[in-house]
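Please find below some notes for a colleague who has not looked at this structure before. They are set out as numbered points, and each can be checked against the coordinates.

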Amino acid sequence: MEKHDQLLMKRQNKNLVLDILKTKSPISRIDIAKMTGMSPTSITRIVTELQLQGYLRETEAVASGVGRKATLLEVRGDVLYTVGIEIDKSLLKVGIVNYIGEMVSLHKSKRNESESYMETLHKIDAVIRKIMDENEIPAAKIMGLAVGLPGYIDYKNGIVKISDQLKWKDASLAEDLQKLTSFNVIVDNELKMKIVAESFTGKAKNSQNSILIGIGSGIGSSIMLNGDIYRGETNNAGEIGHTVIDPTGNVCNCGKIGCLATYISEGAILADSRKVKDISSIEDVFQSYRDREPWALNIMDRASTYIALAISNLLCLYNPEVIILSGNTIEKLPEMKQAIEQKCELYIWEPLKQSVRIVYSELSENGVVLGAAIQAQNLMLELE
């Protein structure tokens, strides 16, 4: 037992040093020792092991006061890679990310909504091989891959329980994709992947408690508490699209009446708009809003009200430091931001207004892919 405890502590210390190097490099050995509280001898031993394993390299020395210069250390980005994948009903994105979180290559392709489950998986496999060949990345350097997609996901077993957008049900995605690609695979809801990216390099980078809200074909959220994704019992924490806001309202595709999604989702907005005007797409609604057409102003005003109410309710429940708004609706209709902020000022409980920042994601189309790749790193790397 004592030997096991020593090995566990050794591994934890090694992970701690590597985490510091990933976030603070270039950094000297002595600074790592100060940050960790470990002895210089221990740091030297760990650094030597990491260098031999190819994780680190030394950079030019810098003066550290009186005496000799301190040699700095930095993490090698090319030591390992992970693949991040986003599957949407009409779009497929595959990206390879290096060990320091840089997007090496991103490939986007259209996905036919009518294509079968296995057609999509074969397409993913082909794109991964293409990107690896183009960037001369050997399979041995791929730690694994992670997939973010809309729906109810059993992330522990890699099963897509239900995805209305993709029309998948009880799909063993992790197992099937692993058989096809030979890589380890993890699967999760797209917004949970995206909040990982926001915490790594986005608007939640310096926050321990944050909420990401996605507004587009549906509406949902992901929640980060104390630096970890809050999942709830069945990984459905944050599914605000199915909170009931009007028990006498519209019928939702889930079978309930008055769900939030029936007022905010693009499909709901489009359906209401077509009762007034013959339009072909959500972009037409957005343009009518910009043109100040009264019917579009009324419909989007109602949507902004419900978005603000959702923000207010999430704030009361979780009291995060930051709420990040993202998704197709926000990105394609930035003119709506002012209306949302005005409604938030009206509906948010006064004691919470000063403690929260409401911001907008800047990761755009890369967020889910990057977050998935970073999550793959977080879960798959096992140092000896």
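1. Leaving aside its neighbours within four places in sequence, Met336 is in contact with Tyr289, Met300, Ala303, Ser304, Ile307 and Thr329. The residue is found in the loop between helix 11 (328-332) and helix 12. The model is a predicted one, and in this model Met336 has a relative accessibility of 1% and therefore counts as buried, the cut-off being under 20%. Ile100 is 236 residues away from Met336 in sequence, and the C-alpha atoms of these two residues are 35 Å apart in space.

2. Met300, one of the contacts of Met336, has its own set of partners. Not counting residues up to four places away in sequence, Met300 touches Ile269, Val285, Phe286, Tyr289, Leu333 and Met336. In the largest nonpolar core, which has 41 residues, Ile213, Met300 and Ile311 touch the most other members. Two or more residues of this core come from each of strand 12 (210-215), strand 13 (219-225), helix 7 (261-264), helix 8 (266-274), helix 9 (282-290), helix 10, strand 15 and helix 12 (337-347). Helix 10 gives the most, with 12 residues. There is also a second, separate core of 30 residues, and among its members are Tyr81, Ile85, Ala174 and Leu177.

3. How do helix 10 and helix 12 lie, and at what angle do they cross? Their axes come within 8 Å and cross at roughly 50°. Helix 10 and helix 12 are therefore oblique to each other. The crossing is right-handed. On the helix 10 side, the residues that meet helix 12 are Asp301, Ser304, Thr305, Ile307, Ala308, Leu309, Ile311 and Ser312. On the helix 12 side, the residues that meet helix 10 are Ala339, Ile340, Lys343, Cys344 and Tyr347.

4. Helix 6 and helix 14 (residues 367-380) pack at an angle of about 80°, and their axes are 7 Å apart. Helix 6 and helix 14 are therefore roughly perpendicular to each other. From helix 6, the residues Glu190, Met193, Lys194, Val196, Ala197, Phe200 and Thr201 take part. They meet Gly367, Val368, Leu370, Gly371, Ala372, Ile374, Gln375 and Asn378 in helix 14.

5. Which strand order does the open sheet of 5 strands have? The order is 6-5-4-7-11, and the pairing is mixed. Strand 6 (103-110) and strand 11 (185-189) stand at the edges with a single partner strand each, so one side of each has no neighbour in the sheet. From one strand to the next, the twist averages 15°. Strand 5 (residues 91-98) pairs with strand 6 in the antiparallel sense over 7 bridges. Within this pair, Leu92 stands opposite Ser109 in strand 6. Helix 6 (residues 190-201) packs on the sheet and touches strand 4 (81-87), strand 7 (142-149) and strand 11. The direction of helix 6 makes about 100° with that of strand 11.

6. Another open sheet has 3 strands in the order 8-9-10, with antiparallel pairing. Strand 8 (152-154) and strand 10 stand at the edges, each with a single partner strand, so one side of each is left without a neighbour in the sheet. Neighbouring strands of this sheet are turned by 20° against each other on average, direction ignored. Strand 8 and strand 9 are joined by 3 bridges. Ile153 has Val160 in strand 9 as its bridge partner.

7. Some backbone details deserve a check. The peptide bond from Ser25 to Pro26 is cis, with omega near 0°. Pro26 has its place in the loop between helix 1 (2-24) and strand 1 (27-28).

8. Positive phi values are the last item. Lys167, in the loop between strand 9 (159-163) and strand 10 (168-171), has phi near 60°, a positive value in a residue other than glycine. Lys167 is exposed, with a relative accessible area of 67%. Asn319 has phi near 50°, again positive in a residue other than glycine. Asn319 lies in the loop between helix 10 (294-318) and strand 15 (322-326). With a relative accessible area of 44%, Asn319 is partly exposed.

Technical notes:
Residues are numbered from 1 along each chain as its sequence is written. This is a predicted model: local features need pLDDT of at least 70, side-chain atom pairs count only at pLDDT 80 or more; totals for chains, interfaces and linings use all residues. Side-chain values use heavy atoms; hydrogens and water are left out. Two strands pair if DSSP finds at least two bridges between them. Helices (H or I, at least four residues) and strands (E, at least two) are DSSP runs, numbered from the N terminus. Axes are lines fitted to C-alpha atoms, for helices over the stretch in contact, and angles run from 0 to 180 degrees between N-to-C directions. Contact means heavy atoms within 4.5 Å. Buried means under 20% relative accessible area, exposed over 50%, partly exposed in between (1.4 Å probe, protein chains only). A nonpolar core is a set of buried Ala, Val, Leu, Ile, Met, Phe, Trp, Tyr and Cys residues joined through side-chain atoms within 4.5 Å. Angles under 35 degrees count as roughly parallel, over 145 as roughly antiparallel, 65 to 115 as roughly perpendicular and the rest as oblique. A crossing is left-handed if the near helix is turned anticlockwise from the far one by less than a right angle, and right-handed if clockwise.
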